[in-house]
2 protein chains.
Amino acid sequence: MLNHEWAGADRVFHALADANRRAIIQRLTRGPATVSELARLLGVTVAATVQHLQVLQTSELVRSEKAGRVRTCQIDPSGLRRAEEWLRLQRTTWEHRLDRLGDVLGESAADHSTTTTTSDDPSTTSREEPRS
Amino acid sequence: MLNHEWAGADRVFHALADANRRAIIQRLTRGPATVSELARLLGVTVAATVQHLQVLQTSELVRSEKAGRVRTCQIDPSGLRRAEEWLRLQRTTWEHRLDRLGDVLGESAADHSTTTTTSDDPSTTSREEPRS
DNA sequence: CTCATGGTTAAGCATGCACTTAACCGTAGG
DNA sequence: CCTACGGTTAAGTGCATGCTTAACCATGAG
């Protein structure tokens with residue numbers, strides 16, 4: 001149930017894959033910052049920072065507004081939440097399977113058709129994006 | 001506090017950045033699978049699948065054992081947990097900041113030196129990896 | 001107006017990455 | 001032994017990515 005809309009997962013995780021982008025997020029959790037502040041923090045050009053910010057914004061990890069000629073960036077929680085939920089879903093699914101498996105082993109402790117628990121469910125999962 | 005050891009974060013998030021690797025994880029939460037099963041699921045070569053599995057293993061997202069000539073893969077929860085915790089830390093840090101900000105706005109509602117809450121904490125965070 | 005500051009955009013480049021093919025190894029089964 | 005199957009490894013290829021420089025736009029200060 002609630003397979004939700006893991007469409008954006010690709011964007012979010014791709015954004016999180018870069019150390020500098022994670023550093024931006026980490027910084028912004030402490031409070032808003034301007035583009036050049038972030039650039040100084042990362043030790044890269046302002047141009048590079050802007051590119052990172054574009055990625056972070058399209059994945060809904062960061063929001064930003066322009067006041068005068070200064071752009072101020074801050075955290076957008078929706079992206080973080082999405083990633084967090086995807087991970088939690090995977091972990092809980094895995095844990096529930098272990099629970100069921102424990103039940104079976106507890107009830108009929110004699111019969112164990114062992115690791116052949118595989119491949120008996122053809123396509124229940126429905127991939128998120130079968131790649132482009 | 002508890003800045004822990006976000007060293008492996010780079011590996012984990014890089015691993016999670018690929019849609020096919022996430023598909024592997026998603027599949028393995030339902031139960032173990034062999035290499036060729038995963039290859040068939042992804043619609044790519046067995047060779048490509050092995051490469052993905054190497055990435056997933058070094059980031060502690062998947063474990064695997066070889067029995068005879070068949071390698072069986074399953075979830076390794078430690079990687080998932082690490083990623084989940086990093087995200088949770090960022091989100092909670094951000095939320096706590098909002099709380100403190102709410103306190104200030106509640107107590108001394110008159111004085112607001114507004115959005116200048118920025119840049120007054122030079123380097124409290126200590127980057128995880130200042131990039132190679 | 002003029003200059004400086006903060007940001008945006010466009011190439012260009014070098015590296016990394018996902019995938020393929022192809023040769024190869026090890027374990028069954030006949 | 002011989003063949004088939006599951007997996008591993010090594011090149012090689014094409015595309016994406018992260019960064020830089022450089023030209024450019026817009027706003028604020030003198």
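1. A:L16 sits in helix α1 (residues 9-16) of chain A. Helices here are DSSP runs of H or I with at least four residues, strands are runs of E with at least two, and both are numbered from the N terminus. The relative accessible area of A:L16 is 0%, so A:L16 is buried. Buried means under 20% relative accessible area, exposed over 50%, and partly exposed in between, with a 1.4 Å probe and protein chains only. The model is predicted: local features need pLDDT of at least 70 and side-chain atom pairs count only at pLDDT 80 or more, while totals for chains, interfaces and linings use all residues. Residues are numbered from 1 along each chain as its sequence is written, chains are lettered from A and ligands numbered from 1 in the order in which they are written, and side-chain values use heavy atoms, with hydrogens and water left out.

2. What does A:L16 touch, leaving aside its neighbours within four places in sequence? In chain A, A:L16 is in contact with A:R22, A:I25, A:L61 and A:A83. From chain B come B:F13, B:W86 and B:L87. Contact means heavy atoms within 4.5 Å. A:A83 is 67 residues from A:L16 in sequence, yet their C-alpha atoms are 9.2 Å apart.

3. Next, helix α3 of chain A, residues 35-42. Its buried residues are A:V35, A:E37, A:L38, A:A39 and A:L42. They pack against α2 (19-28), β1 (33-34), α4 (46-58) and β3 (70-75) of chain A. After the helix comes A:G43, with a positive phi near 75 degrees.

4. The pairing of α3(A) with α4(A) deserves a look. Their axes are 9 Å apart and meet at an angle of about 105 degrees. That makes α3(A) roughly perpendicular to α4(A). On the α3(A) side, the contact uses A:V35, A:L38 and A:A39. On the α4(A) side, it uses A:V46, A:T49, A:V50 and A:L53. By class, the contact residues are 6 nonpolar, 1 polar and no charged. Axes are lines fitted to C-alpha atoms, for helices over the stretch in contact, and angles run from 0 to 180 degrees between N-to-C directions. Under 35 degrees counts as roughly parallel, over 145 as roughly antiparallel, 65 to 115 as roughly perpendicular, and the rest as oblique. Nonpolar covers Ala, Val, Leu, Ile, Met, Phe, Trp, Tyr, Cys and Pro; charged covers Asp, Glu, Lys and Arg; the others, Gly among them, are polar.

5. DNA strand C is surrounded by 24 residues. The closest are A:S36, A:R69, A:R71, B:T45 and B:H52. Near means that a heavy atom of the residue lies within 4 Å of the molecule or strand.

6. A polar side-chain atom of A:S36 is 2.5 Å from a phosphate oxygen of DNA strand C. For a polar side-chain atom of B:T45, the distance to a phosphate oxygen is also 2.5 Å. A polar backbone atom of A:V35 lies 3.4 Å from a phosphate oxygen. Two or more residues of the surface come from each of α3, α4 and β3 of chain A, and α2 (19-28) and α4 of chain B.

7. DNA strand D has 25 residues around it. A:T45, A:H52, A:R69, B:S36 and B:R71 come nearest. Which element gives the most to this surface? It is α4(B), with 5 residues. The surface holds 8 nonpolar, 10 polar and 7 charged residues.

8. A side-chain N or O atom of A:Q51 is 3.3 Å from a base oxygen. For B:R69, the distance from such a side-chain atom to a base oxygen is 2.6 Å. A polar side-chain atom of B:R71 lies 2.4 Å from a phosphate oxygen of DNA strand D.

9. Finally, a backbone point. Most residues other than glycine have a negative phi. A:E60 is not a glycine, but its phi is positive, about 60 degrees. A:E60 lies in the loop between α4 and β2 (62-67) of chain A. At 33% relative accessibility, A:E60 is partly exposed.

Conventions: A polar contact is a pair of N or O atoms within 3.5 Å; within protein, one must be able to donate a hydrogen and the other to accept it, and residues adjacent in sequence count only if both atoms are side-chain atoms.
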